[in-house]
Amino acid sequence: MEVLLLVALIGLAAVLWFRASDWQPSRAEYPTQGALVGAQDGAVDFNALRAVGADFVYLEASHGARGRDELFPRNLAAARDAQLPHGVVHAYDPCVPAERQAANFLTIVPRDPGMLPPAISLSKLASECSDPIVEAGLESELTTFINQVEGHVGQPVVLKISLEFEAEHGIAVRIERNLWLNRDFVEPDYAGRPWTLWSATSYLRRESGDTALRWVVVQP
């Protein structure tokens, strides 16, 4: 009996995994869809990505004051060659001064008016810095970083906010920018106002690479 139950559970897990790896939001409901790509995804074929339905791609570019995605130059050139609309993502580190992070971003991200609005990924919590001064000054430092990035690219940024970051810092309602929220399979509602981009699944399997795609949709 226990063996039969185990076999049934394994079978159910396999079915759920298969459905998860094939699921993406309805095109009828969300006509514009794309992907988030970085070094963790390996060598992505951007022409194949476009062929499987990506209308755009965001490229992980930089993090903190010195971090740089090792595949960013390759991915940027590949996205351009595939004529796939693209933007960049900087992972913001609240423990590092804003000006140092902006210098890192400005050094590697070109000033290209044809690119999509840059996104600032907010997931690391200020409480991880173990410095109450950092926590108190988070909004001010983040605003400084936003202003410098926007001055470089010439357009407003998008705030890519995790559930945990929003729960601790409440930035979505304090800094008025378009939002990019994250939640697999279920439309997110944790920011207190409507989102513009939604990371809808990180399990989607397609022929564009060896790893699952981080699939993103745009609010119609």
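Reader: Hi! How many aromatic pairs does the count come to here?

Author: Hello! This is a predicted model, and the count comes to eight aromatic pairs. One of them joins tryptophan 23 and phenylalanine 185 in an edge-to-face arrangement, with 5.4 Å centre to centre and 75° between the planes.

Reader: Nice. Which parts does that pair tie together?

Author: Tryptophan 23 belongs to the loop between helix H1 (2-22) and strand E1 (33-37), while phenylalanine 185 belongs to the loop between strand E7 (178-182) and strand E8 (197-204), so the pair links parts that are 162 residues apart in sequence.

Reader: And what is the relative accessible area of tryptophan 23?

Author: The value for tryptophan 23 is 29%, so this residue is partly exposed. Phenylalanine 185 is partly exposed too, at 36% relative accessibility.

Reader: Which residues form one aromatic cluster with Trp23?

Author: Phe185 and Tyr203 do; together with Trp23 they form one aromatic cluster.

Reader: Switching to charges: where does the charged end of lysine 160 sit?

Author: You'll find the charged end of lysine 160 over the ring of tryptophan 180, at 5.3 Å from the ring's centre.

Reader: Okay, helices now. How far apart are the end C-alpha atoms of H6?

Author: They are 22 Å apart, which agrees with the 22 Å that the 16 residues of helix H6 (residues 138-153) should span at 1.5 Å a residue.

Reader: Which residues of H6 are buried?

Author: The buried residues are Leu138, Leu142, Phe145, Ile146, Val149, Glu150, His152 and Val153. Around the axis they cover an arc of only 155°, so they sit on the same side of H6. Ser140 and Gly151 are exposed on the other side.

Reader: What covers the buried residues of H6?

Author: The cover includes strands E4 (86-91), E5 (119-122) and E6 (158-161), along with helices H4 (98-108), H5 (132-136) and H7 (163-169).

Reader: Good to know. What is H6 followed by?

Author: Glycine 154 follows H6, and its phi is positive, near 80°.

Reader: You mentioned H4. Which of its residues are buried?

Author: In H4 the buried ones are Ala98, Gln101, Ala102, Asn104, Phe105 and Ile108. Down the axis of H4 they fall within an arc of 160°, so they line one face of the helix. The face turned away from that buried side carries Glu99 and Thr107, which are exposed.

Reader: Last one: what do the buried residues of H4 pack against?

Author: Their partners are strand E2 (56-63), strand E3 (67-68), helix H3 (72-81), E4 and H6.

Notes. Residues numbered from 1 in each chain as written. Predicted model: local features only at pLDDT ≥ 70, side-chain atom pairs only at ≥ 80, totals over all residues. Heavy atoms only, no water. Helix = DSSP H or I, 4+ residues; strand = E, 2+ residues; numbered from the N terminus. Expected span 1.5 Å × (residues − 1). Buried < 20%, exposed > 50% of the residue type's maximum accessible area, 1.4 Å probe, protein only. Arc of directions from axis to C-beta. Contact = heavy atoms within 4.5 Å. Phe/Tyr/Trp six-rings, centres within 6.5 Å; stacked < 30°, edge-to-face > 60°. Lys NZ or Arg CZ within 6 Å of the ring centre and 35° of its normal.
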